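Please keep the sequence and the structure in view while following the text.

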Amino acid sequence: MMSTAKASWVIARRDFVATVMSRSFIIFLLFPVLMIGFSIGFGAMLGKMERHENLPRIAVIASEAAFRPIAAAQARLKPAFREDEMAELVRVEPDYQVGPQIGDLLAAADKRFVAVLSSGPGGMRLTGAVGPGDPAPRQVRAILHAARQEQALSAAGRTVPPERIELVKVTESAGAVAAQRATTARAGQWLLFMVTVMLAGMLLSNMIEEKSNKVIEVLAAAVPIDAIFLGKLGAMLSVSLTGLALWAATAVAAVQLWPSGGASLPTPAVGWPLFILLALLYFSMNYLLLGALFLGLGSQASSVREVQSISMPVTIGQVFIFFFATAAAGSYNGLMGLAAAVFPFSSPMMMIARAAQAGELWPHLLALAWQALWVWLTVALGASLFRRNVLKSGGGGTRPLLRRRA
Amino acid sequence: MKGELPKVANGLAIEARGLFKAFDGKTAVDGIDIHVPEGTIYGVLGPNGAGKTTTLRMLLGIIDPDRGERRLLGREAPLEAAAEVGYLPEERGLYPAMKTKEAIAFMGALRGLPLALGRARAEGMLRDNGLGDYVDKPIKSLSKGMAQTVQLFGTIVHRPRLIVLDEPFSGLDAINQGRLEAMIREEAAGGATILFSTHVIAHAERLCERVAIIAAGRVRFEGRVDEARGRLRPRVRLRTRSTDGAWRSALPPRADQENGAWLFELPETGVEPLLRALIDGGAGIEELSIERPGLHDAFVAIAGEAAAREMGADAPAGDEA
């Protein structure tokens with residue numbers, strides 16, 4: 001008998017060639033690139049639109065002279081706020097009757113005013129659908145206060161020059177490094193999750209072809225079911241890594257052609273080369289773990305419709321596991337962090353977060369061995385269920401002559 | 001593969017005792033015993049639903065029996081002998097997008113044949129059998145008969161010692177059935193053991209040295225084809241000019257008359273005493289024939305009239321025994 005490894009290789013080679021040489025592989029390769037391109041384009045466009053549309057507009061009923069110090073004070077304070085945070089003040093010439101004018105301004109849909117600032121007998125008044133906790137009244141209060149201070153200083157013949165602060169940048173501070181590495185940890189987890197979700201789902205329907213065209217009978221008569229499962233997993237992992245390599249090459253080329261000059265991720269604790277290697281290993285483990293589970297579940301289905309029914313709870317389960325790993329990312333040595341590292345299906349995501357934040361290597365060796373064990377156990381369980389439920393094998397063999405894995 | 005390994009110690013390519021299998025509480029195979037000597041062409045006969053396919057799947061290790069023992073080429077674990085076995089399942093299965101040559105080589109590779117050698121042999125097999133134009137064509141471009149032929153090539157490309165064919169003739173036209181029979185004889189002549197299941201008695205009668213007759217999940221007979229036929233006495237057909245006389249007492253008491261001819265089993269004493277009585281009694285013999293029973297008659301006697309009717313109904317025209 002061929003060894004399981006050799007039999008898996010035969011299955012994997014066929015599946016890999018069949019997938020990579022198919023037309024659908026081109027679509028598979030192009031899909032994420034197009035998706036990311038569209039996302040970036042639409043995101044930028046929508047962001048711009050939203051920023052403009054969501055900016056709170058406040059009407060200021062004032063003469064030009066009265067509005068000038070207010071506008072000047074707002075201009076001075078504006079650098080302290082984000083572009084989309086500070087309310088837009090629009091001067092409106094006062095009517096003869098201010099009361100009805102306020103009502104008209106708030107009712108005018110095209111003007112989009114959230115509040116109207118006017119002067120009343122007791123001082124300034126802000127009328128609108130805003131509460132005391134909203135940013136708009138606080139901003140208006142700060143602007144008016146600054147305007148009054150400026151007017152008072154001017155009346156006293158004094159000016160206060162703007163404060164100058166010398167910035168001294170240090171390369172590292174413990175707090176900043178920890179915060180930055182937590183960002184890398186979460187980015188690593190997110191990437192691992194997204195790529196696995198995108199790629200491992202293919203395995204749910206992987207056995208449908210063999211079952212529908214009856215090739216499974218030919219395979220099952222020649223090699224152990226475990227070898228079929230391992231071969232299919234190996235093939236799809238190779239297909240995914242091929243896709244990732246091509247996408248990464250495309251991304252690198254895109255960055256070279258159109259350098260963005262944007263912020264880069266902080267250096268992980270184990271350094272970039274090792275982090276990338278570990279990311280690949282943990283992606284492979286995450287893929288194999290989820291893939292083995294998907295393959296086992298999908299092999300029980302007899303039609304694409306059944307596979308679709310299974311895929312929904314599977315996706316929800318994945319999201320929960322991702323949230324668990326993300327919640328535990330910050331406390332990699334705490335109880336939750338250790339639990340996430342031990343639970344096989346969250347372990348790869350937890351460990352990549354650990355690689356970003358802690359420099360020791362031995363936990364990774366231990367985790368990889370642990371995850372590999374679970375891959376094997378999941379494959380063995382899936383193959384066993386397939387033999388029992390699909391091939392209707394097994395049952396009551398009691399004599400040594402009847403080896404189950406024959 | 002074939003001939004590279006020593007013969008099985010007890011000379012049996014397949015040995016099974018008391019195989020039992022039930023699906024969802026319904027018994028499919030009920031204590032089957034089979035012994036297939038090496039180098040023979042062995043037929044498993046039975047109507048649809050008799051348990052033939054389940055028996056073959058258990059023998060090959062695709063499924064495990066609930067009870068019983070089996071050995072394949074001397075191995076207790078059938079998959080350990082996979083490299084020396086070729087299997088053509090009843091439900092043919094090929095990857096539609098795969099090239100013909102690659103499909104054959106892949107099936108060989110599953111049984112341990114190096115891919116390059118498999119490709120070379122596949123090309124040769126296809127060209128020798130008039131399918132040279134389809135070497136690099138995808139399976140989906142082949143007719144059903146061609147695809148079955150390709151799968152058969154994939155079954156034997158690694159030159160197995162044991163070839164198991166489940167209903168190999170089903171779906172083939174008469175010409176391809178003839179080709180398949182020739183191929184089976186050729187493989188057997190080369191030393192391979194052939195085990196095939198069929199519900200068409202004519203194929204078994206033409207090809208097999210030994211048969212197992214299965215009905216309702218049980219083996220009703222296992223042995224040589226002539227042994228099966230030998231279970232029945234030869235039938236005598238007699239037509240005489242005289243309708244009555246002293247010679248009538250020489251006929252067996254259960255002799256039937258049909259269209260003026262007497263039909264009866266050949267008496268234990270042989271034909272000579274009967275002949276003497278007919279001549280001495282002046283019966284005037286117009287026709288006297290002794291017919292050996294066919295496998296179909298044996299099957300009827302062994303498996304029952306209902307099973308035989310079912311097999312006859314399923315057999316393609318011209319193949320009923």
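Strand 11 of chain B and strand 12 (residues 261–265) of chain B run antiparallel and are joined by 3 bridges. Helices (H or I, at least four residues) and strands (E, at least two) are DSSP runs, numbered from the N terminus, and two strands count as paired if DSSP finds at least two bridges between them. The model is predicted, so local features need pLDDT of at least 70 and side-chain atom pairs count only at pLDDT 80 or more, while totals for chains, interfaces and linings use all residues. Residues are numbered from 1 along each chain as its sequence is written, and chains are lettered from A and ligands numbered from 1 in the order in which they are written.

Within this pairing, Q257(B) has W262(B) as its bridge partner in strand 12 of chain B, and D256(B) has L263(B). The two strands form a hairpin with 2 residues between them, where N259(B) takes a positive phi near 50°.

Strand 12 of chain B also pairs with strand 10 (residues 235–240) of chain B, again in the antiparallel sense, over 4 bridges. Here V236(B) stands opposite F264(B).

These strands belong to an open sheet of 4 strands in chain B, with the order 11-12-10-13 and antiparallel pairing. Why is one side of strand 11 and of strand 13 of chain B left without a neighbour in the sheet? Strand 11 (256–258) and strand 13 (285–291) stand at the edges and each has a single partner strand, so one side of each has no neighbour there. From one strand to the next, the twist averages 20°; axes are lines fitted to C-alpha atoms, for helices over the stretch in contact, and angles run from 0 to 180 degrees between N-to-C directions.

On the scale of the whole of chain B, the domain assignment gives domain 1 (12–229) and domain 2 (233–291), with bounds that come from an automatic or database domain assignment. The C-alpha centres of these two domains of chain B lie 46 Å apart.

Chain A comes next. Strand 3 (residues 113–120) and strand 4 (residues 123–128) of chain A run antiparallel and are joined by 6 bridges. They form a hairpin with 2 residues between them, and G120(A) has G123(A) as its bridge partner.

Helix 13 (residues 347–357) of chain A is largely enclosed by the rest of the structure, because 11 of its 11 residues are buried. Among the buried residues are M349(A), I352(A) and R354(A). A residue is buried if 20 or more other C-beta atoms, placed from the backbone, lie within 10 Å of its own, exposed if 12 or fewer do, and partly exposed in between.
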